[in-house]
Every structure is written in structure tokens, then in C-alpha cells.
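Could you walk me through the bonds and strands of this protein, in plain words? Have the sequence and the 3D view open as you read.

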Amino acid sequence: QLQLVESGGGLVQPGGSLRLSCAASGFTLDYYAIGWFRQVPGKEREGVSCISSSDDRTYYADSVKGRFTISRDNAKNTVYLQMNSLKPEDTAVYSCAAKRGPLGGSFSYCGPHRFYFWGQGTQFTVSS
């Protein structure tokens, strides 16, 4: 069974850091591009960051550029999202998703509609 499981959510203070994990089972992440997305109630899901397959190129939304880092550990079949300098507006449900093959050459290819294996999401809140 193909599955993605996110973990690492919780409560963090503004300015703090958190790392989310996206662990895959039933398939090998090496051949898949992985994206992290977030959604708050009443808003559409938005792309946060993506990492391509094969060359591991990374892409970020302008709102997180310089603060978030996406990476993959193929040996652990896991993709991470390191989040630093967190802001209250980063509060959301974060989900990871996979699509086979590489991404295009820009963040515009990090749209949720391009991905088809989804995790269940993990909530984290940035608040003092």
C-alpha cells in the first residue's frame, strides 16, 4: 500500500524552529518529486516547497524563502521540511505529496494539482 505519513507538528513560539518529516512506505521516494503544502481554514491549499526527483532541485514559495529548507534522505525514504524563523502566519495543516518524475524548472510546477499521493497532514501552530 502506497502511503505518506507526516510527523513533527505541534506548537512553537514565533521565531522558533521545527522540522516536519514525510515518510514514504510502499514505494521508493528516489523517483518521485515531493512537495510540502499547507492549508488554513477557508483558504486554498498552497505550495510551500518542492524537491524534484533525480537532481533534487528545490523550490520555495516567496513567503518561506530563506526560512524553510526541504531535503530528502533516500536511505530513510523520507523528505524533511526544516522551518526556521517561524511566524504566526505559518500556522496551518501541512501535508506532503508525491508525483513520479522530476518537476519543471520553477516553483510554478509545485502546484498541488500536480501531485497525486498525499499524506494525511500534520497541524502546527506558531503562537506565543
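## Cys50 and its partner

Let's start with Cys50. Its relative accessibility is 0%, so Cys50 counts as buried, the cut-off being under 20%. Keep in mind that you're looking at a predicted model. Which residue does Cys50 form a disulfide with? The answer is Cys110, and the two sulfur atoms sit 1.7 Å apart. The torsion about their S-S bond comes to about 80°, so this disulfide is right-handed.

Now find the two ends in the sequence. Cys50 belongs to strand E5, while Cys110 is in the loop between E9 and E10, so the bond ties together parts that are 60 residues apart in sequence.

How many disulfides does the structure hold? There are 2 of them. Besides the Cys50 and Cys110 pair, Cys22 and Cys96 form a disulfide, with 2.1 Å between their sulfur atoms. This pair also links distant parts of the chain: Cys22 is in strand E3 (residues 18–25) and Cys96 is in strand E9, 74 residues apart.

The Cys22 and Cys96 link is right-handed, with 75° about the S-S bond. Are its two ends buried or exposed? Both Cys22 and Cys96 are buried. If you number the bonded cysteines of the protein chain in sequence order, the pairing reads 1-3, 2-4.

## Strand E9 and its neighbours

Cys96 brings us to strand E9, so let's stay there, with this in mind: 7 of the 9 residues of E9 (residues 92–100) are buried, so the strand is largely enclosed by the rest of the structure. What does E9 pair with? Take strand E4 (residues 32–39), which is joined to E9 by 8 bridges, the two running antiparallel. To spot this in the 3D view, look for Ala33, which stands opposite Lys99 in E9.

Strand E11 (residues 122–126) is joined to E9 as well, by 3 bridges, and these two also run antiparallel. Here Tyr94 stands opposite Thr122 in E11. Then there's strand E10 (residues 117–118), which pairs with E9 in the antiparallel sense over 2 bridges. For this pairing, look for Ala97, whose bridge partner in E10 is Trp118.

## Two loop residues with positive phi

Next, hop over to a couple of loops. Ser54 sits in the loop between strand E5 (46–51) and strand E6 (58–60). Its phi is near 65°, a positive value in a residue other than glycine. Is Ser54 buried or exposed? Its relative accessibility is 68%, so Ser54 counts as exposed, for which the cut-off is over 50%.

Asn77 is in the loop between strand E7 (68–73) and strand E8 (78–83). Asn77 isn't a glycine either, yet its phi is positive, at about 55°. With a relative accessible area of 13%, Asn77 is buried, whereas Ser54 is exposed.

Terms used. Residues are numbered from 1 along each chain as its sequence is written. This is a predicted model: local features need pLDDT of at least 70, side-chain atom pairs count only at pLDDT 80 or more; totals for chains, interfaces and linings use all residues. Side-chain values use heavy atoms; hydrogens and water are left out. Buried means under 20% relative accessible area, exposed over 50%, partly exposed in between (1.4 Å probe, protein chains only). Helices (H or I, at least four residues) and strands (E, at least two) are DSSP runs, numbered from the N terminus. Two strands pair if DSSP finds at least two bridges between them. A disulfide is a pair of cysteine sulfur atoms within 2.5 Å.
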